[in-house]
Amino acid sequence: MLKVKSINAFYGDIQILHNVSLEVGKGEIVTLLGSNGAGKTTTIKAICNLNPAKSGEILFLDKHIEKTPSYKFPHLGISLVPEGRHLFPDMSVKDNLLMGAYGQNDKSAINSALEEVYDIFPRLKERSSQQAGTLSGGEQQMCAIGRGLMIHPMLMILDEPSLGLAPVIVDKIFDALKLLQTRDNVTFLLIEQNAQLALECSNRAYVMENGSIVIEGKAEEMLSSKEVQKAYLGL
Amino acid sequence: MSVSYLTNQILNGIVLGFSYALVGAGLSLLWGTLKMINLAHGDLYMMGAYFAWLAIRVGKIPIIPGIIIGVICAAALCLFIQISTVRPLVRQGDFGMSPYILTMGLSILLQNTALLVYGERYQNIPYYLDKVYKFFNGSVTISGQRLLIIVVSLVVILFLMIIIKRTKLGRAIRATAQDREFASMLGVNTKSVYTVTYVISGSLAAIAGIMLAPIYSVNPWMGTAVQTKGLACCVLGGLGSVEGAIVGGLIIGIAESLSVTFLSKEWKDVVAYLILIVMLWVKPSGIFGKRGAV
């Protein structure tokens, strides 16, 4: 579904990504692992054209999207749930969710998408008129994911969904992702620091180091790989 | 001093307050979304008044279409100003001092253009509603023009609030104000949001100018005092908050009118700015102050 072929990305003159290639197949959950500063977020920014790659190819459903401006991504069926969530803090939860469907005009489709999001995260329904900035961290993450679901994405890119959340909430969020994968056939590209958890629910994974992919493979194999265990799972 | 005199003075204060509220709401809306102060805002108020004068007095167009033409011309002027000057500035991203310099220049340009084109003679527009209304057995009287200002302001403010709070455009404006980059990622054309916001903001000032033109004479400098007062109302209510600008406008309007009653005409500005200074001591973010959201 998503193919990234040897992209190189820079911040100013400094090269951050070196020939990064990765692939996300339809219906998969693929995790990008790596320590802070390994280039995970930069990879996502390059994919979403927020910090365009200088060279390399990015294909979505076999179409080149290197030049596609980021605001057209929802039309393609790609949702980004960014690091730090980027909710609109002074808007209600409902308005935040509605922003997710900004490009759409079919009111009944928007309303049914809203109901589906409330189904997955009932908490959001309870809080629908509350300002998003006053939600707890877990609720904010649910709201950010919910906003991304409003367009019924084919591919959802999540940047550190578990950051700063209590383990119980993280489990809830990952349960929701698995449900979306199996029930709605949503594909996920996931960035995580919580390697154990991410690998347990992923199909495949890539490990990044200093802006390059160093290990790739099936998630279950990685869970048992000595190398990964030592470096990322603290076993 | 009779009660009816006091009531009338408060009523006058409310009229004044609503005109400040219209000017202030535009300034606040602009600050909330573009994070810029428009120093030419008062001059859009002035241009609105001149457009109405041109339509009604010079063009002999009946009052209601004349007012509408005035508002449309002012909105067109705002659109032109936004696209030709503000938009290139927004493209630069973080713009620091440049909006102040730009809008100060625009202010001088607009005032002197008005001076050249319309001359320095003060012009008059007839009252749109030349009647006097009496309430409570004649103890409260209000001229039709002033009543009209209250009604029009209320309708315009209500309309503005509905746009901001309830419509898709309003959501786009608020989202752009709060997180421009991500709003754009969700498909919002933030450039057009900025343009629309500027046009709405300027049109609010123009509507205030058009409504007040029959009471005060139309002249190239009529916007300067309104500009400062409007900004004071915004700061009092909380810069960036449209509700705040309305409340701030009413407070300052009523305070001014009461200080004319109890002190003298010369004291009104002193009282108005004193309220502002006290507010800045007590709560610098203003009554509805928050993170600069709409």
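In this predicted model, helix α9(B) passes helix α10(B) in a right-handed crossing. Helix α9 covers residues 222-237 of chain B and helix α10 covers residues 242-262 of chain B; their axes come within 7 Å and cross at roughly 120 degrees. The pair α9(B) and α10(B) is therefore oblique. On the side of α9(B), the residues in contact are B:K229, B:A232, B:C233, B:C234, B:L236 and B:G237. Their counterparts in α10(B) are B:G244, B:A245, B:G248, B:G249, B:I251, B:I252 and B:E256. Sorted by class, this contact of α9(B) with α10(B) comprises seven nonpolar, four polar and two charged residues.

Two packed helices are described by the angle between their axes and the distance between the axes. Helix α3 (residues 63-91) and helix α8 (residues 190-212) of chain B have axes that come within 8 Å and cross at roughly 140 degrees. The helices α3(B) and α8(B) are therefore oblique to each other as well. The passage of α3(B) over α8(B) is a right-handed crossing. Residues in the contact of α3(B) with α8(B) divide into 16 nonpolar, six polar and two charged. The table sets out the two pairs.

| Helix pair | Axes come within | Crossing angle |
|---|---|---|
| α9(B) and α10(B) | 7 Å | roughly 120 degrees |
| α3(B) and α8(B) | 8 Å | roughly 140 degrees |

**Chain B as a whole**

Chain B contains 11 helices and two strands. Along the sequence, these elements of chain B follow the pattern α-α-α-α-β-β-α-α-α-α-α-α-α. For chain B the radius of gyration is 19 Å, close to the 19 Å that the globule rule gives for 294 residues, so chain B is as compact as a globular protein of that length. Taken along the principal axes, the C-alpha atoms of chain B fill a box of roughly 60 × 50 × 35 Å.

The strands of chain B are β1 (residues 132-135) and β2 (residues 140-143), which pair in the antiparallel sense over four bridges. Within this pairing, B:V132 stands opposite B:S143 in β2(B), and B:F135 stands opposite B:V140 in β2(B). The hairpin of β1(B) and β2(B) has four residues between the strands, and B:F136 takes a positive phi near 50 degrees there.

The secondary structure of chain A amounts to 10 helices and 10 strands. With a radius of gyration of 17 Å, close to the 18 Å that the globule rule gives for 235 residues, chain A is as compact as a globular protein of that length. The C-alpha trace of chain A spans about 45 × 40 × 30 Å along its principal axes.

One open sheet of chain A has six strands in the order β6-β7-β8-β3-β9-β10, with mixed pairing. Its edges are β6 (78-81) and β10 (212-218) of chain A; each has a single partner strand, so one side of each is left without a neighbour in the sheet. From one strand to the next, the twist averages 15 degrees.

Inside the sheet, strand β3 (residues 29-34) and strand β8 (residues 187-191) of chain A pair in the parallel sense over four bridges. The bridge partner of A:T31 in β8(A) is A:L190. Helix α1(A) packs on this sheet and touches β3, β6, β7 (155-159), β8 and β9 (204-209) of chain A. The direction of α1(A) makes about 145 degrees with that of β7(A). Helix α7 (residues 167-184) of chain A also packs on the sheet, touching β3, β7 and β8 of chain A. The direction of α7(A) makes about 150 degrees with that of β8(A).

**The four-stranded sheet of chain A**

Another open sheet is formed by four strands of chain A in the order β2-β1-β4-β5, and the pairing is antiparallel. Strands β2 (14-24) and β5 (63-64) of chain A lie at the edges, and each pairs on one side only. Strand β4 (residues 55-60) of chain A is joined to β5(A) by two bridges, and these strands run antiparallel. Here A:F60 stands opposite A:K63 in β5(A).

Helix α1 (residues 40-47) of chain A packs on the four-stranded sheet too, touching β1 (2-11), β2 and β4 of chain A. The direction of α1(A) makes about 110 degrees with that of β1(A).

Terms used
Residues numbered from 1 in each chain as written. Chains lettered and ligands numbered in written order. Predicted model: local features only at pLDDT ≥ 70, side-chain atom pairs only at ≥ 80, totals over all residues. Heavy atoms only, no water. Axes fitted to C-alpha atoms, helices over the stretch in contact; angles between N-to-C directions. Parallel < 35°, antiparallel > 145°, perpendicular 65-115°, else oblique. Left-handed = near helix turned anticlockwise from the far one by under 90°. Nonpolar A, V, L, I, M, F, W, Y, C, P; charged D, E, K, R; others polar. Pairing = 2+ DSSP bridges. Contact = heavy atoms within 4.5 Å. Rg over C-alpha atoms; globule rule 2.2 N^0.38 Å.
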